[in-house]
Amino acid sequence: MSAQATQPAAGKMTGTSKEAQKQTPKQTPKQTPKQTPKETPKETPKGAWTVTFLLFLFMLVNFADKIVVGLAGVPIMTELKLEPEQFGLLGSSFFFLFSISAIVVGFIVNKVPTRWVLLTLAVIWALTQFPMVGTVSFTTLLICRIVLGAGEGPAASVAMHAVYKWFPDEKRTMPTAILSQGSAFGVILAVPALNWIIVNHSWHYAFGALGIVGLIWVAAWLALGKEGPLDTHASAVIEPKIPYLQLLTSRTFIGCVTATFGAYWALSLGLTWFTPFIVKGLGFSQSQAGFVSILPWVFGATIVILTGWISQVMLARGYTSRISRGVLGSVPLIVGGLILAMMPHVQGAGLQIALLVVGSGLCGAIYVVCPPMLGEFTPTSQRGAVLAIYGALYTLSGIVAPLVMGSVIQRAGSMLDGYMTGFTINAAIMVGSGLLGLLLLWPNTEKARLTGGAAPQAAPLKSAVSPT
């Protein structure tokens, strides 16, 4: 809802309130705000979908930057003469400052407009790609990946916080799904293009191409990016704050971190080890691997969109967010882990790839539902930090997973046995984290418990009257 569209409505409400007070002196002021929050949040402000599309592209670039090392894994290991453990370290290095940066920036966006924070992050991404264009050592590559990780750590949570300033709670699931699609399309679109550059030119130029794309997004965001009018600091002042200790120890927050930790274990393995597995484990060529590597992301994209649509339909039909978000996100994670556990027990590269694609792709459901669940009970003034801390904690699996896989491969009797052991570990983690999520995700009762049943009334009216 735009400021121009909201202000006349606010004036009408004020007038009505004054007449009501004159005619019925015993009426309390609380009656007027009770009626307005049900009407005002349901409209989406003009420009919301433009910003959502730009943030979709932001996440697309984000994941293209992530995937390039895994995609070029075999050429990098060959040129730099890296052992599996060293390459695992390279994959993990991206996450060394990832979580710390996410938390720091998460508190910053509670006070600073997300528009400028997003711009700064994108500039960092672009600049860290260019050193790889020339001759590069393992140390230089390692440092650039660490810096890139620091720049990308806050990306998802800041983007979610930014888009939630454009949509009311009941309309946030689909924008969340669209932003999550940025990761899938970042792989689906970037992998064939980057792989063509790697095969026909050099892996060095693939990094340079990503740097140029990052700068193009920066220019587009400068021209079209805006701050959302909903959930502003003016509205958040009246909304009572909840101690961070209570928010971060709530069962739904713990459930979201735990469930997404398992999903991100699979994702970080996909980013680092999927293409090397296709080439060295199953014997495909680099050209063939480029196309095979996008299959989990194509399937995952379908799961994400489908989950977002089903969740929003279920909420509209009156299902609790426990069912339409918590259960809907956790069950696919459990099923995906069980499917992945079958990989070592089947024969044939085609069937193994199919199980890996379906098992890891089902994880995408949890990314769609957890941010909206946290947004249900987190006060607006604290949401940026809580989403950032959530992201910082579950992405810790990104440090551990590539290292574990590299260590298992190096110590296994054969390379293929090492990969299968690594995927079995991944399956166990997915099933366990999904079960914990199923037990802990109760967002529909969390807010009442944390606030003692007190419902803020002035904040929705304030946000409707004074968007900035």
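**Close-up views of a predicted helical chain**

**View 1. Lys81 in the loop between helix H4 (73–80) and helix H5 (84–93).** Helices, here and below, are DSSP runs of H or I with at least four residues, strands are runs of E with at least two, and both are numbered from the N terminus. The model is predicted, with local features needing pLDDT of at least 70 and side-chain atom pairs counting only at pLDDT 80 or more, whereas totals for chains, interfaces and linings use all residues. Residues are numbered from 1 along each chain as its sequence is written, and side-chain values use heavy atoms, with hydrogens and water left out. Although Lys81 is not a glycine, its phi is positive, at about 55 degrees. Lys81 is exposed, with a relative accessible area of 68% (exposed means over 50%, buried under 20% and partly exposed in between, with a 1.4 Å probe and protein chains only).

**View 2. Helix H17 (residues 321–340) and its kink.** The 20 residues of H17 reach 28 Å from the first C-alpha to the last, close to the 28 Å expected at 1.5 Å a residue (the expected span is 1.5 Å times one less than the number of residues). A kink of about 35 degrees is centred on Val327, the bend at a residue being the angle between axes fitted to the seven residues ending there and the seven starting there. Because 15 of its 20 residues are buried, H17 is largely enclosed by the rest of the structure.

**View 3. The pairing of helix H10 (residues 173–200) with helix H16 (residues 295–316).** The two axes come within 9 Å and cross at roughly 175 degrees, where axes are lines fitted to C-alpha atoms over the stretch in contact and angles run from 0 to 180 degrees between N-to-C directions. H10 and H16 are therefore roughly antiparallel, a label for angles over 145 degrees. Contact, meaning heavy atoms within 4.5 Å, involves residues including Met174, Ala177 and Val187 of H10 and Trp297, Val304 and Trp309 of H16.

**View 4. Phe277 in helix H14 (residues 251–281).** Phe277 counts as buried, at 0% relative accessibility. Leaving aside residues up to four places away in sequence, Phe277 touches Leu282, Met343, Leu356, Leu416, Tyr419, Met420 and Phe423. Phe277 and Val74 lie 203 residues apart in sequence and 9.7 Å apart in space, C-alpha to C-alpha.

Definitions and conventions
Parallel < 35°, antiparallel > 145°, perpendicular 65-115°, else oblique.
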